[in-house]
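Dear colleague,

Please find below the structure that I am handing over to you. My notes on it follow directly after.

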Amino acid sequence: MRAMIQLQNVSVQRGTKFLLDSAELTIYPGQKVGLIGANGCGKSTLFQLLLGSLHSDTGSVDIPKNWRMAHMAQEVGHTNRSALDYVLDGDSELRRLEQEIDQANSKGDGEKLAHLYGEMENIHAYTAPSRAQQLLNGLGFSAGDDQRPVTDFSGGWRIRLNLAQALMCPSDLLLLDEPTNHLDLDATLWLEEWLKRYAGTLIIISHDRDFLDNIVDRIVSIEQQKLENYSGNYSAYERQRAEKLAQQQVTYEKQQARIAHVENYIRRFRAQATKARQAQSRIKELERMEKIAPAHIDSPFTFTFSCHDKMSTPLVHIARGEIGYPGKSVLQNVELAIRAETRIGLLGPNGAGKSSLVKTLAGSLPLLAGDRTNGEHFKLGYFAQHQLESLDMNASAALHVQRLSPSAREQEIRDFLGSFDFHGDRAFEPITHFSGGEKARLALALIAWEKPNVLLLDEPTNHLDLEMRHALTMALQEFEGAVIVVSHDRHLLRNTVNEFLLVAEGKVNEFDGDLEDYYKWLLQQRQQMAAQEKQAAVLEKSANSDGDKLDKKAQRQQSAAQRAQLKPLTNKLKSLETQMEKLQTRLAEVENQLSDSDIYDEKNKNKLRDLLAEQSKLQAQLEETEENWLLVSEELEAANQ
């Protein structure tokens with residue numbers, strides 16, 4: 001019988017509540033599965049069953065005995081080990097062999113040592129530190145962070161270390177629970193590419209629909225204590241579920257109202273769009289929302305962001321702005337005018353200054369130079385992760401609202417909080433036991449209650465489930481004020497903003513392109529940085545070895561001769577870079593087609609097969625080209641020594 005994961009007649013009960021009731025599931029090797037469902041429905045419980053840390057009340061959970069398992073820990077480590085060592089700890093076989101080598105050394109057992117060193121060679125142990133370093137780089141850690149103790153990092157960065165440790169572990173089954181929650185967009189894109197190349201079986205809990213769309217080939221949804229299967233990615237799931245629910249007459253009126261909201265936003269957007277390329281990309285996405293609207297008709301969230309009844313033009317204006325901290329300028333010559341119709345998504349590499357710009361717009365970081373003018377009726381609604389930390393854990397959601405408006409009636413507060421799914425007594429309980437998602441919802445509710453005319457949202461979807469993210473997207477579409485967003489949730493960005501600003505190299509400029517163009521820009525930046533670092537290392541070695549022996553004229557002559565000698569290698573490197581860019585562009589086009597839910601229709605099965613085959617071929621070609629690029633780079637470096 002073929003090795004596979006199989007759950008048969010599984011039931012799990014917590015108190016009087018069944019999380020799973022006679023559930024069935026089969027997962028085959030190599031499948032990439034997205035596990036979705038409302039908060040508290042049992043997703044993490046299913047992971048515990050697979051890990052063996054929890055046993056079902058009835059039924060059986062079978063996993064091939066020889067499979068190696070890796071999972072991302074949710075608890076935050078408190079160790080003084082360096083970040084690099086902490087990540088390497090993920091490879092338990094490596095650590096076991098290292099320990100046995102130490103023991104064999106102490107005993108002088110040469111035969112045992114020879115055997116152990118052979119095993120180290122088999123598991124590629126000698127490249128482990130460089131592989132761990134690549135994981136840290138990809139997840140956004142800076143140079144030098146690898147030697148810092150884990151206790152030096154904040155909670156969010158420690159979660160990134162847990163993720164790196166899980167990816168470091170050689171595995172046949174990888175379980176990831178909300179891996180993008182503490183990542184920025186750049187790290188999310190890097191992780192997405194890493195998981196595409198992962199050869200084992202992947203089960204991932206995520207509320208990031210684009211992330212799921214680009215990785216998984218199957219959705220398992222926990223619905224009414226059952227494990228329901230849907231073929232294809234998340235968009236295909238939405239379409240299949242929408243078709244099923246659309247057949248139920250009782251949903252018809254809700255369905256039509258939701259579609260009307262989407263159509264209204266499309267009309268508004270068409271009137272405002274100024275860039276043909278971005279406009280077409282976003283209009284296609286918005287029109288698709290009409291088709292999948294019924295999939296969300298049973299959402300518990302129905303809130304809106306009411307806008308302040310007075311506006312100024314502009315609401316905020318920064319002229320010749322220099323942004324940063326005393327003694328450290330981060331962004332220079334910033335020109336930014338925020339008007340009622342402004343809908344901006346902020347893009348830029350980690351550490352380039354997005355957070356500094358957001359803090360300046362929020363008013364918590366004054367300009368170092370330049371002028372900032374707030375309109376007479378400027379009223380800001382600001383969401384950031386520290387808002388959750390500033391909530392009063394001993395107060396209820398209702399009390400938080402009442403402190404903002406002491407004269408508000410209790411029923412008015414109840415109705416308002418109900419739209420954020422805080423119903424009945426839940427609205428009047430202390431929030432100390434609220435989940436991260438519930439606290440994030442409350443923080444958004446407090447912003448909505450104040451009726452701002454500018455919404456400044458810094459990673460607002462962290463901890464929010466798919467239904468709440470969908471409701472947030474709809475609420476932002478209907479909001480009549482200005483919207484400025486930093487988010488790794490590409491679906492939210494595509495559907496709520498109509499222009500992007502790129503924060504990079506000390507400047508804030510309009511980005512002429514869409515999110516796919518930004519991904520290509522990121523890849524080019526990484527390649528250029530890698531090439532520059534290698535070239536700098538080569539030049540430094542050359543200068544150190546020859547600088548004292550040659551005079552300036554001789555150095556120039558030697559450099560010219562060396563350039564001529566190395567020209568074939570340099571040309572080959574440029575050719576490989578061009579080839580990589582072409583492959584990346586075509587791969588992005590293929591994956592964009594695969595993200596369209598229509599491709600999973602029966603009539604398109606041949607096209608789907610061809611696209612999947614081309615995707616696999618392109619990924620293999622890209623990987624081979626990248627390996628060749630590294631080989632030529634190393635050859636070039638060696639020739640310069």
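R209 and E238 are both buried, where buried stands for a relative accessible area under 20%, exposed for over 50% and partly exposed for what lies in between (1.4 Å probe, protein chains only). Their side chains form a salt bridge with an N to O distance of 2.4 Å; the term denotes a side-chain nitrogen of Lys or Arg within 4 Å of a carboxyl oxygen of Asp or Glu. R209 belongs to helix α8 (residues 209-215) and E238 to helix α9 (residues 234-246), so this pair ties together parts that are 29 residues apart in sequence. Helices (H or I, at least four residues) and strands (E, at least two) are DSSP runs, numbered from the N terminus.

The model is a predicted one, in which local features need pLDDT of at least 70 and side-chain atom pairs count only at pLDDT 80 or more, while totals for chains, interfaces and linings use all residues. Residues are numbered from 1 along each chain as its sequence is written, and side-chain values use heavy atoms, with hydrogens and water left out.

By the salt-bridge rule, the count comes to 25. Another of these pairs joins E516 and R494, whose closest N and O atoms are 3.4 Å apart. Since E516 is in helix α19 (residues 515-546) and R494 in helix α18 (residues 490-496), the pair ties together parts that are 22 residues apart in sequence. E516 is partly exposed, at a relative accessible area of 27%, whereas R494 is buried, at 10%.

A salt bridge also links the side chains of R81 and D89, at 2.8 Å from N to O. R81 is partly exposed, with a relative accessible area of 35%, and D89 is likewise partly exposed, with 26%. Both residues take part in a network of salt bridges that also includes D85, R95 and E98.

Two buried residues deserve a separate note. N453 is located in the loop between α16 (436-449) and β15 (454-458), and its relative accessible area is 0%. Its side chain reaches the backbone nitrogen of K379 at 2.9 Å. Leaving aside neighbours within four places in sequence, N453 is in contact (heavy atoms within 4.5 Å) with residues including C307, H308, H377, F378, K379 and F479.

L191, in helix α7 (residues 185-197), is buried as well, at 0% relative accessibility. Not counting residues up to four places away in sequence, L191 touches L163, L167, P179, T180, L183 and F211. L191 and L163 are 28 residues apart in sequence, and their C-alpha atoms are 9.8 Å apart in space.

Finally, the second largest pocket has a volume of about 720 Å³. On a 1 Å grid over the protein atoms alone, a pocket is an open set of points where a 1.4 Å probe fits, with protein on both sides within 12 Å along at least five of seven lines, and lining residues have an atom within 4 Å of a point. The volume is the space filled by probe spheres set on the points. This pocket is lined by 33 residues, of which G37, A38, N39, C41 and I222 lie nearest its centre. Elements that give two or more residues to the lining include β2 (17-27), β8 (218-223), β9 (226-231) and α17 (466-478). The lining divides into 13 nonpolar, 9 polar and 11 charged residues; Asp, Glu, Lys and Arg count as charged, Ala, Val, Leu, Ile, Met, Phe, Trp, Tyr, Cys and Pro as nonpolar, and the others, Gly among them, as polar.

With kind regards

Note on methods:
Polar contact = N/O pair within 3.5 Å; in protein donor to acceptor, adjacent residues only side chain to side chain.
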